[in-house]
Amino acid sequence: MKRHFYLTVLLLSIPSGFAATVYDRTPTPIFDGKSFHGWEGDTNKTWRIRDGAIVGGSLTEKVPHNEFICTTRSYTNFVLRLKFKLVGTEGFVNGGVQVRSKHIPNPAYELSGYQADLGDGWWGSLYDESRRNKVLVAADPALIAKILKRGEWNDYEIRCQGKRLRLSINGHQTVDYTEPDDSIPQHGIIGLQVHGGGKTEAFYKEITIEELL
């Protein structure tokens, strides 16, 4: 009984604005399903909006190189949720979701940062794009075989808090990684990738973010 009393007093003593920050973590859409408001990238050729989804790439000609469409603002601690679908007919069929990333000058179309990967041999893995250029944690192929719906919509959840990053596909965790290198920035933009070298289309929709303290 005493614990309930003290907790009630503590909650009543917290300013209303602060309490909302701590307890009201409603996911916020960062893609409105009909425009590129808040995003930037090659929307003339590579990226388009189809049936409420951001779609990148082509099934009729190979994507010449990696392409990203990115948020115009940066994020630090958050839970990013979205639906993805990847289809392809030829070449390297691959995509990914960049977090805590940044643009680089050479090549100008690339992003540097963490990537939640998509594609055969890469599904659910955490890759360090254009920085260390290696898989930081590989997802278990047996788990991916059970949970992935190929050619259909799947759910990705990317949780970044402090130096810890966790990835989940369709409610199953595939990566739990803690960054050991203090020099690696733990903030940055979010990007959606269609990888170069394949006749492929990457689809992303229902993109929301829940910012954390």
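# Briefing: contacts, rings and strands in a predicted model

The side chains of N66 and E110 are joined by a polar contact of 2.7 Å, where a polar contact is a pair of N or O atoms within 3.5 Å and, within protein, one atom must be able to donate a hydrogen and the other to accept it, while residues adjacent in sequence count only if both atoms are side-chain atoms. The model is predicted, so local features need pLDDT of at least 70 and side-chain atom pairs count only at pLDDT 80 or more, whereas totals for chains, interfaces and linings use all residues. Residues are numbered from 1 along each chain as its sequence is written, and side-chain values use heavy atoms, with hydrogens and water left out.

**The chain as a whole**

- The protein chain has three helices and 15 strands, and these elements are DSSP runs numbered from the N terminus, with helices being H or I runs of at least four residues and strands being E runs of at least two.
- Of the 213 residues in the protein chain, 44% are buried, a term that means under 20% relative accessible area, as against over 50% for exposed and in between for partly exposed, computed with a 1.4 Å probe on protein chains only.
- Among the contacts in the protein chain with a separation of 6 or more, 66% are between residues 24 or more positions apart, and contact here means heavy atoms within 4.5 Å.

- N66 is found in the loop between strand 4 (53–58) and strand 5 (67–71), and N66 counts as buried because its relative accessible area is 8%.
- Besides the side chain of E110, a backbone atom also lies by N66, for the backbone nitrogen of G196 is 3.0 Å from a polar atom of the N66 side chain.
- Not counting residues up to four places away in sequence, N66 touches Y109, E110, E129, Q193, V194, H195 and G196.
- T46 has its place in the loop between strand 2 (39–40) and strand 3 (47–50), and T46 is counted as buried because its relative accessibility is 10%.
- When neighbours within four places in sequence are left aside, T46 is in contact with V55, G56, G57, E67 and V194.

**The sheet and its strands**

- An open sheet of seven strands has the order 2-5-14-7-8-9-10, with antiparallel pairing, and two strands are said to pair if DSSP finds at least two bridges between them.
- The edge strands of this sheet are strand 2 and strand 10 (134–137), each of which pairs on one side only.
- Strand 7 (residues 95–103) pairs with strand 8 in the antiparallel sense over seven bridges, and V99 has Y114 in strand 8 as its bridge partner.
- G191 has its place in strand 14 (residues 189–194), and G191 counts as buried because its relative accessibility is 0%.
- G191 and E40 are 151 residues apart along the chain, and their C-alpha atoms are separated by 9.3 Å.
- Residues up to four places away in sequence aside, G191 touches I69, C70, G96, V97, Q98 and L111.

**Aromatic rings and charges**

- The model has six aromatic pairs, where rings of Phe, Tyr and Trp (its six-membered ring) pair if their centres lie within 6.5 Å, and planes under 30 degrees apart count as stacked, over 60 as edge-to-face and the rest as tilted.
- Y75 and F78 form an edge-to-face pair, at 6.2 Å centre to centre and with 70 degrees between the planes, and both of these residues are buried.
- Y114 and Y177 also form an edge-to-face pair, at 6.5 Å centre to centre with 65 degrees between the planes, and this pair links distant parts of the chain, with Y114 in strand 8 (residues 111–118) and Y177 in strand 13 (residues 172–178), 63 residues apart.
- Y114 is counted as buried because its relative accessibility is 0%, and Y177 is buried because its relative accessible area is 10%.
- F84, W123 and Y156 are linked into a cluster by ring pairs.
- R131 lies over the face of Y114, at 4.9 Å from the ring centre, and a charge sits over a ring if NZ of Lys or CZ of Arg is within 6 Å of the ring centre and within 35 degrees of the ring normal.
- The charged end of K85 sits over the ring of F203, 4.8 Å from the centre of that ring.

**Cysteines**

- The structure holds zero disulfides, a disulfide being a pair of cysteine sulfur atoms within 2.5 Å.
- C70 counts as buried because its relative accessible area is 2%, and C160 counts as buried because its relative accessible area is 0%.
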